[in-house]
Amino acid sequence: MRRFILLIIALATLLPSLAQAYDVLVLQSRRDPAYDEVLKGFRFEQKSSLRMLVLSDYAEVDVVRVVREDHPRLILALGDAALKEFLKVRNTPVLAMMTLGVPSNSSAHPNLIGISMFAAPESYLTVFHNMKARRVGVIYNPAKSGWYLDQARRAARQVGIDLILREVSTGHETMTQLSGLAGKVDALWMVPDITAVTRESIEAYFQFGQANSVPVISFSGSYVNLGAAAALDVDLIALGRQADRMVSQILSGELSSSKVVFPDKAVIKTNRSVMQRLDIDPGRIVKHGN
Amino acid sequence: MPLINHSHSLRSFLITLCLGLCLTVPAWADALNSDDSLELLNAWQETPVTTARIPRPPSKVAENITVITAADIERLNAHTLAEVLQTVPGIQLDYLRTPTTYTFFNLQGAYNTTVLVLVDGIRLNTYQLGIAPPGLIPIQQIERIEILKGPASTAWGSALGGVINIITKSPNLEHKASGMVSGSIGSQFTADSRAELSGTLDKFGYYLTVGNIRSDGLNPGTATNLNNINGKLTYSLPGDGIVTAGLWHLNTNPGMDLGDLAKYGGPFGDSQKIRRTNSFIKLTQPLGNGLRLELDGYLSNYYERLFSWYANDNERDHLINKENSRGINTRLSWGDGQRNLTIGLDYGHVSSKYRYYGGGDSWGSADLVINEGNWDQWGLYANGAYTIGNLTLLPGIRHDITGRVGDNTSYSLGATYQLMPDFTLRGYATSGYSLTTIFADDSKPQKVKTIQAGFETSRIPYLWLKGTYFYNAIRHSESVGINPTVTDQNRQGFEVELRTVPLYGFSVASGYTYLDARDNDTDLRLPSNSNQSVPPHNVKLKLNYDNSELGFSGTLTGNYIWWNKEPGLWYSMSDSGMLWDLHLNWKPFRKHELAPEFFFSGHNLFNGSQSTGVEIYNSAPRWFEGGMRVRF
């Protein structure tokens, strides 16, 4: 019996090294339900062969060597840690998802294509427009989210919204900048910026919204339960399907240039009690925001 | 000579664990990478638990809680709740025989009659005997199990030893129709067949599952047959409200209860029949301004018959327990994960009858009612959480009019303190109670006063660690069985749980529980017997292996118990024992939508024994099974 168990464990451990010849190498940063959701959509349509590696399962993964030996036609990176590993690869196309790190690396890595994990600025501005918010406050770190805010500024001009921008370089500055927005904004836009939004500063956003009677619009449904009036939540399964289509395009040579695209599908989630308190009709923004 | 020396097994296990940790931790130094983007997406939130009757993040729960998910259950290829509980630190199963036979358990020394078992909020413990055997609860429809170790009377009433809160699966929100079929077969034609269908059509959601578990019996006299059907319908209302209706019906013959007792002058044979039907309808409606209303009504019907016959065919006994209960629970909650308050009112009406008739010699030729009752029960409670910075205070109070053992008021005050983002301190003090069974003097309830304190941290690299100290002063404690002893006891101990991050696909989860249970009058350490299990040492080990590339996962579980056997028992009892199980899952064609998943389990690999009644209720000997499931 002991030999039997050892044989099973040995086979399971050694067999991966026999895997060869596939189109897509998928590197997942760690095991997480969010990644599972994305892969559900990804597998649903894709017809290519693939190999999966979960980074956190290994003490050390030599990605360059794996790519050199296996010659995958494309690399799909899920998460920050996975992207970091694949930045070492120069010649194979990399499609990165579930990470905020693509824009800052895309210029130096022409083989990198990314799908943003958050909705396009235009979608948020439609929400603000429907809420009749003309002055929208944003706190961000230019080094992290400058590219996103550039796009947001252009879109805001088109719909007649003034973005009241406050820059931060550390998380501690968020509270100070928030207090400076009091009385100057009709709504607060919480953008996906790891400097401006931290575990410690989340509560300050919602306290600001409550104290100044302005809605806080966030980028993930997780914040709705914490006090955001609404959030544009990305459908992760749809995100996986979008990645699947892009993989086909890259493999067929239709898509090659370095770029970041936004998710096809985002759904508005609202906090009705906050909306009611602020006298905002949730039906209006839900109808127009999708 | 026994195949396994139990003391050596424990020692080997601990040495292996320590060596494993020492060798592996340094190797992970470069492997961990924080995923800021993912944390940002999830808002650093934890999956809430509902053991306080309001969803709260685990870091804002003062009690010692273990959560088991459907994914954890699937890894174990389990058939019933019993097999899953056996892997939970602090819980020790007894009479773990053929799947779907009668089983007992204790939770940190608390008898199973004092641990409240709930399925979708409906109590499963019978009122006559106080038992909810986990071996009779099929696992297939379970989405999540929340186990609260320690008194929980301020939220749930009669729950002196803890709560096992079972939440069944909900409709699949992503698809109009999805499902799963599964079949397995093993030693002694032990077979488990299941099917489930789930989906959402606009505002209407449905989940339906049917299943059968049968066996010719892994132990003598334990041939079983269990049929199970469970359904849940949901309808979304305007304003994020939802109505849920559920129905669960169980019909089972859980094998002989008494085994071969003829040599002791007992029955020549016996058979059991159990039927249970639970139904409920629940409304959840946000009311605005952080207010939420929950209203549910339920009906529960339980029938149990034990039929015994003797060498003389004219001597036959029937013991029949019938219980019907119905009730309405309403809760109004306000707030969020940081500050909240729940006020609730529970009402229930119970009618029960425990009856004997027949010509056997145990009760004489008669038709008599052993116990009968009709009563109303009420519970009014308030539980809250108030967070100031890193400190969360958790007060609670509940007043119960039990209808059987008088009124009882329970109080609790808990606190959690977030010392660091990944280091939580927790503690609580509470009073609680449990109803007695019909075999005891039921003029007063069993009562407890408890203090618990502990920590939970992932501060140590590559390791998650939780430790809890508990002290329970129990008065009028009633042991299990038809001839219970009633004592005042002081039980204290500690529990340590750890999990590691994976290394080359391998990860370890382990738990150790130490218990010192003493008679309050004599201050002597209490021994275990078949009616009173207070094991001083309990060790759990789980070694997981995952290879997503191959679609392969495996789990090796080990369970060690030292019962501290009462000397001079007339029956045989294991003093200590170690059981090992191996579970393997393999999905070879993961890319295909209808890819089958194969699974295999080897149970009790080294033929260990952990029973408090070896001759009649011994652990199932080594057995194997394999099967396949397909999702669509």
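Reply: In this predicted model, the secondary structure of chain A comes to 12 helices and 12 strands. Of its 290 residues, 45% count as buried. Among contacts in chain A between residues at least 6 apart in sequence, 72% join residues at least 24 apart.

Me: Why is Met98(A) called buried?

Reply: A residue is buried if 20 or more other C-beta atoms lie within 10 Å of its own. Met98(A) has 29 within that distance, so the term applies. Met98(A) sits in the loop between strand 4 and helix 5 (102–106) of chain A. Its phi is near 55 degrees, a positive value in a residue other than glycine.

Me: What makes Asp202(B) buried or exposed?

Reply: Asp202(B) has 8, so Asp202(B) is exposed. Asp202(B) lies in the loop that joins strand 10 (190–201) to strand 11 (204–215) of chain B. Asp202(B) is not a glycine either, and has a positive phi of about 55 degrees.

Me: Which residues meet where helix 6 and helix 7 of chain A pack?

Reply: From helix 6 of chain A come Pro121(A), Glu122(A), Leu125(A) and His129(A). Among their counterparts in helix 7 of chain A are Tyr148(A), Ala152(A) and Ala156(A), and these three are also buried.

Me: What else do the buried residues of helix 7 of chain A pack against?

Reply: Besides helix 6 (121–130), they pack against strand 6 (135–140) and strand 7 (162–167) of chain A. Lys144(A), Ser145(A) and Leu149(A) are also among the buried residues of this helix. Helix 7 (residues 142–159) of chain A bends by about 35 degrees at Tyr148(A). Just after helix 7 of chain A, Gly160(A) takes a positive phi of about 70 degrees.

Me: What is the strand order of the open sheet in chain A?

Reply: The order is 2-1-3-4-5-11, with 6 strands in parallel pairing. Strand 2 (50–54) and strand 11 (259–261) of chain A each have a single partner strand, so they stand at the edges, with one side of each left without a neighbour in the sheet. The twist averages 20 degrees from one strand to the next.

Me: How do you know that strand 1 and strand 2 of chain A pair?

Reply: Two strands pair if there are at least two bridges between them. Strand 1 (residues 24–28) and strand 2 of chain A have 5 bridges, in the parallel sense. In one of these bridges, Leu27(A) has Leu53(A) of strand 2 as its partner.

Me: Which helices pack on the sheet?

Reply: Helix 3 (residues 63–70) of chain A does, touching strand 1, strand 2 and strand 3 (74–78), and its direction makes about 165 degrees with that of strand 1 of chain A. Helix 10 (residues 236–251) of chain A also packs there, and touches strand 1, strand 3, strand 4 (94–97) and strand 5 (112–115).

Key
Residues numbered from 1 in each chain as written. Chains lettered and ligands numbered in written order. Predicted model: local features only at pLDDT ≥ 70, side-chain atom pairs only at ≥ 80, totals over all residues. Bend = angle between axes of the 7 residues up to and from the residue. Helix = DSSP H or I, 4+ residues; strand = E, 2+ residues; numbered from the N terminus. Buried ≥ 20, exposed ≤ 12 C-beta atoms within 10 Å, placed from the backbone. Contact = placed C-beta atoms within 7 Å. Axes fitted to C-alpha atoms, helices over the stretch in contact; angles between N-to-C directions.
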